[in-house]
Each structure stands twice: as C-alpha cells, then as structure tokens.
Protein chains: 2
Amino acid sequence: MNSPDAFNALCPTRQILDRIADKWTVLLLGLLAGRTMRFNELRRGVDGLSQKVLSQTLKSLERDGLVTRAVYPTVPVTVEYAITDLGRTLAATLEPLRLWAESHMNVIEQARADFDRRQQAAA
Amino acid sequence: MNSPDAFNALCPTRQILDRIADKWTVLLLGLLAGRTMRFNELRRGVDGLSQKVLSQTLKSLERDGLVTRAVYPTVPVTVEYAITDLGRTLAATLEPLRLWAESHMNVIEQARADFDRRQQAAA
DNA sequence: CCGAATCCTCTGGGATACTG
DNA sequence: CAGTATCCCAGAGGATTCGG
C-alpha cells in the first residue's frame, strides 16, 4: 500500500481534505464539540447556513463517522446530533483554525487594504 | 469594537475562515512553508490544481499578506513565491489538518463503507 | 515562464413548497 | 421539528488562446 499523500489528486486523502477543510465543518464541529445539539439549534448557531446545506453537511459528517444522528419518536420528532470520538480529534484540529481567523482578522484586513492601495497606485 | 465571531455571517472573520479553510490554501502553504517556489513548480507540486485557480489563489494569498511575490526580469521572466511570517503562523495551524486527513484516511473510508452498507440494508 | 482573457460548462447552493 | 423534492441561477472553475 502506498502512503497517503494529499498532494496527489488521486489519493483518497485529497477528497477527505476537501471535505474537512470547509468552513461549515469547522463551525459545526466547533459547536458539537461543546454539546449535543438538535437540527434547528445548529441552524440558529451558525448564521448564514441554509437548511439544505446544513442537512447535506450533517449527512456527510455522519457518513464519515464524525457525528452520530439519533432520532427520538416524540411528536414532533426530535433529532439529536452528537460528536464522535473521531470527530472530537478533528474538532481539536480545526479549532485553532477558527481561532487563527478570529485573532488575525485585523492584520488580514490591514494587509488587504495595503494591497488594494498599492494596486490603486499602480493603475 | 465588537469581538470577532466566525459564527456570525457578517463578521469579517467568517470571510477569512472561508478563504483559509480551503484545500488549495492548505496544500500551497504546506509547500511554501518548506521553501520559496516558482509558479510552475507549485503547479507541479499540487496535482489537479489548474493554472487559473493557482493564479487566483496565489493572488488572494498575496493580498492577505500570507505570501510575497517577487518578479525577476530574466528572459523568460522568473517569479518566486515566498511565505511570510504571518503565513508561517497559518501554515503551522493548517499542517495538522493535512496530517489528520492523511493519518485518518483508512478510518474514514471504513466509516463510509459501513454507512453505505447500512443505507443499502435499509433500502 | 508566468500569467491575463475569453468562453463555456456544470454544480453548489438559495428559495420555495411539501411530507412524516 | 426535521427533513426531502424541485426549480433555478450565479459563480467556480476547466480548456484554450494570447501577450509580455
């Protein structure tokens, strides 16, 4: 068996990287790392995430063994999503990413402003 | 000033997260963290990355202050991309993500097979 | 060699409506 | 409440061509 290599387009790792390097995955696993949550709870927790995409993303996460889906036959039905042990290891890897974005927001915006000004000056 | 919050769609952090949580960013910064590289060198280094998308991604990375672009007036022209100090901090954050994908490839594929088999059984 | 520009395709994802 | 189904469109991105 050849070693996993994300730089190779044909390696399954590439596909996995594409899935997990996704803003919705980062945010959803960030929430679920805290506690088990219901569908609409997650929807409200992640602003701008449509119901369709939430549904798709959760199904992918469940398929990959990162979250579990539990249905309780109440009326109306209750569905709870919980993070798995595997998902928790990924969440731990993704959290620094969100924190980096939040802590470097100002630096990035400054860099963008500088870049745009230089472009403007060149034109 | 209100605190950065990636869960809020209107926060600039959201946009930044969207840009950095990207497979091409992960792979390109992973390469550039090792050494300065030229355009076609990067193109060859990341399999499946088209010239157009590479060009776009590099421009974004440069605008965000994560890489620098140096042009040398040789014939033909030489263009070198180097990671910045800021980019290096991000690369350090992204590397675990690529490693996670590579080291959990088998577990994920197993989970997917199990899931698909359960779906099949239910149908 | 390093791109910019053009064209064209395809699909991610929004809006809406309907079920169990 | 928690989805699935349908329609629809903007925009991502591949292929190709051209320029510095």
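The residues of the surface near DNA strand D divide into seven nonpolar, five polar and four charged; here Ala, Val, Leu, Ile, Met, Phe, Trp, Tyr, Cys and Pro count as nonpolar, Asp, Glu, Lys and Arg as charged, and the others, Gly among them, as polar. A residue is near a strand or molecule if one of its heavy atoms lies within 4 Å of it. This is a predicted model, in which local features need pLDDT of at least 70 and side-chain atom pairs count only at pLDDT 80 or more, while totals for chains, interfaces and linings use all residues. Residues are numbered from 1 along each chain as its sequence is written, chains are lettered from A and ligands numbered from 1 in the order in which they are written, and side-chain values use heavy atoms, with hydrogens and water left out.

**DNA strand D**

- Around DNA strand D there are 16 residues, and the closest are A:Gln51, A:Arg69, A:Tyr81, B:Ser50 and B:Lys52.
- Of the atoms of DNA strand D that come within 4 Å of the protein, 60% belong to sugar and phosphate.
- Helix H3 (39-45), H4 and strand E3 (78-83) of chain A, together with H4 of chain B, each supply at least two residues of the surface near DNA strand D. Helices (H or I, at least four residues) and strands (E, at least two) are DSSP runs, numbered from the N terminus.
- An N or O atom in the side chain of A:Arg38 is 2.9 Å from a phosphate oxygen of DNA strand D.
- A polar backbone atom of A:Asn40 is 3.0 Å from a phosphate oxygen of DNA strand D.
- A base oxygen of DNA strand D lies 2.5 Å from a polar side-chain atom of B:Lys52.

**DNA strand C**

- DNA strand C has 16 residues around it, of which A:Ser50, A:Lys52, B:Asn40, B:Arg69 and B:Tyr81 come nearest.
- Sugar and phosphate make up 65% of the atoms of DNA strand C that come within 4 Å of the protein.
- The side chain of A:Ser50 has an N or O atom 2.4 Å from a phosphate oxygen of DNA strand C.
- For B:Asn40, an N or O atom in the side chain is 2.7 Å from a phosphate oxygen of DNA strand C.
- For B:Phe39, a backbone N or O atom lies 3.5 Å from a phosphate oxygen of DNA strand C.
- Two or more residues of the surface near DNA strand C come from each of helix H4 (51-63) of chain A and helix H3 (39-45), helix H4 (51-63) and strand E3 (78-83) of chain B.
- H4(B) gives the largest share of this surface near DNA strand C, four residues.
- The surface near DNA strand C has seven nonpolar, four polar and five charged residues.

**The interface of chain A and chain B**

- In contact (heavy atoms within 4.5 Å) are 55 residues of chain A and 55 residues of chain B.
- The two chains bury about 5,000 Å² between them, 69% of it on carbon and sulfur atoms; buried area is the accessible area (1.4 Å probe) that two parts lose on being put together, summed over both.
- Side chains of opposite charge can pair when their charged atoms come close.
- Six salt bridges are counted between chain A and chain B; a salt bridge is a side-chain nitrogen of Lys or Arg within 4 Å of a carboxyl oxygen of Asp or Glu.
- Over all chains the count comes to 14 salt bridges.
- A:Asp64 forms a salt bridge with B:Arg112, with the closest N and O atoms 2.6 Å apart. Because A:Asp64 lies in the loop between H4 and E2 of chain A and B:Arg112 in helix H6 (residues 105-122) of chain B, the pair joins two chains.
- Another salt bridge links the side chains of A:Arg63 and B:Asp116 (2.8 Å, N to O).
- On the side of chain A that touches chain B, H5(A) gives the largest share, eleven residues.
- This side of chain A has 30 nonpolar, ten polar and 15 charged residues.

**Cis peptide bonds**

- Most peptide bonds are trans.
- The bond joining A:Val75 and A:Pro76 is cis, with omega about 0 degrees, and A:Pro76 is in the loop between strand E2 (67-72) and E3 of chain A.
- In chain B, the peptide bond from B:Val75 to B:Pro76 is cis, with omega near 0 degrees.

Definitions and conventions:
A polar contact is a pair of N or O atoms within 3.5 Å; within protein, one must be able to donate a hydrogen and the other to accept it, and residues adjacent in sequence count only if both atoms are side-chain atoms.
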